[in-house]
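Have a look at the chain below.

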Amino acid sequence: MPYYIFWDGLAILRRIVKHYNWRKISIMGHSLGAAIGFLYAASYPDDTEMLISIDTVAPVIFDPSEIVKNTGPNIDKLVLFYIYFVYIKCYQMWQYMINK
């Protein structure tokens with residue numbers, strides 16, 4: 001069964017943008033990529049220069065104003081969580097193991 005979760009793609013895209021410290025991005029996507037592009041552009045309109053989407057699949061629809069208001073800050077929290085627990089905790093664990 002295919003794995004189609006929009007929010008994962010949105011979080012991955014946000015991590016890439018933050019990693020490279022890009023100010024504005026242009027997004028071109030097809031199908032799931034187009035849906036992720038829509039979510040990104042809606043969640044981070046000030047960070048999106050352009051969006052091109054082709055043959056978009058539709059994510060679950062909720063109140064758009066609530067999605068726009070909440071998605072960006074929640075994805076940023078997820079990215080910080082990932083950075084802390086994956087990079088910092090794994091590094092601390094590695095340090096602990098080599099010092100034993």
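What follows is a set of questions and answers about this predicted model.

Q: What should I know about how the values were made?
A: This is a predicted model, where local features need pLDDT of at least 70, side-chain atom pairs count only at pLDDT 80 or more, and totals for chains, interfaces and linings use all residues. Residues are numbered from 1 along each chain as its sequence is written, and side-chain values use heavy atoms, with hydrogens and water left out.

Q: How many helices and strands does the protein chain have, and what makes a helix or a strand?
A: There are 3 helices and 2 strands. Each is a DSSP run, numbered from the N terminus: H or I over at least four residues for helices, E over at least two for strands. Starting at the N terminus, the order is α-β-α-β-α.

Q: Why is Arg14 called buried?
A: Buried means under 20% relative accessible area, exposed means over 50%, and partly exposed is in between (1.4 Å probe, protein chains only). Arg14 has 4% relative accessibility, so it counts as buried. Asp47 is buried as well. Across the 100 residues of the protein chain, 25% count as buried.

Q: What makes Arg14 and Asp47 a salt bridge?
A: The term needs a side-chain nitrogen of Lys or Arg within 4 Å of a carboxyl oxygen of Asp or Glu. For Arg14 and Asp47, the closest N and O atoms are 2.7 Å apart, and the pair forms a salt bridge. Arg14 sits in helix α1 and Asp47 in the loop between α2 and β2 (48–54), so the pair ties together parts 33 residues apart in sequence.

Q: How do you know that Arg14 and Asp76 meet in a salt bridge?
A: Their N-to-O distance is 2.9 Å, and the side chains do meet in a salt bridge. Here Arg14 of helix α1 pairs with Asp76 of helix α3 (residues 64–99), so parts 62 residues apart in sequence are tied together. Asp76 has a relative accessible area of 25%, so it is partly exposed.

Q: How many salt bridges are there, and which residues are linked in a network?
A: Searching the whole structure gives 2 salt bridges. Arg14, Asp47 and Asp76 are the ones linked in a network.

Q: What makes the phi of Asn21 worth a look?
A: Most residues other than glycine have a negative phi. Asn21 is not a glycine, yet its phi is positive, about 55°. Asn21 lies in the loop between α1 (6–19) and β1 (25–30). With 49% relative accessibility, Asn21 counts as partly exposed.

Q: What about the phi of Ser31, and where is that residue?
A: Ser31 is also a residue other than glycine with a positive phi, near 60°. Ser31 is in the loop between β1 and α2 (32–43). Its relative accessible area is 22%, so Ser31 is partly exposed.

Q: How do α1 and α2 cross, and which residues make the contact?
A: Two packed helices are described by the angle between their axes and the distance between the axes. The axes of α1 and α2 come within 9 Å and cross at roughly 60°. Contact means heavy atoms within 4.5 Å. Among the residues making this contact are Phe6, Trp7 and Leu10 of α1, and Leu32, Ala35 and Ile36 of α2.

Q: Which residues make the nonpolar surface patch?
A: Ile12, Ile16, Tyr20 and Trp22 make a patch of about 410 Å². Patch residues have over 30% relative accessible area and no salt bridge; like charges are joined within 9 Å, nonpolar side chains (Val, Leu, Ile, Met, Phe, Trp, Tyr) within 5 Å. Ile12 lies in helix α1. At 45% relative accessibility, Ile12 counts as partly exposed. Ile12 and Val79 are 67 residues apart in sequence, with their C-alpha atoms 8.4 Å apart in space.

Q: Where is Leu51, and which residues is it in contact with?
A: Leu51 is in strand β2. Leaving aside neighbours within four places in sequence, Leu51 is in contact with Ile27, Gly37, Phe38 and Ala41.

Technical notes:
Accessible areas come from the Shrake-Rupley method with a 1.4 Å probe; for residues, only the protein chains shown count as cover. Axes are lines fitted to C-alpha atoms, for helices over the stretch in contact, and angles run from 0 to 180 degrees between N-to-C directions.
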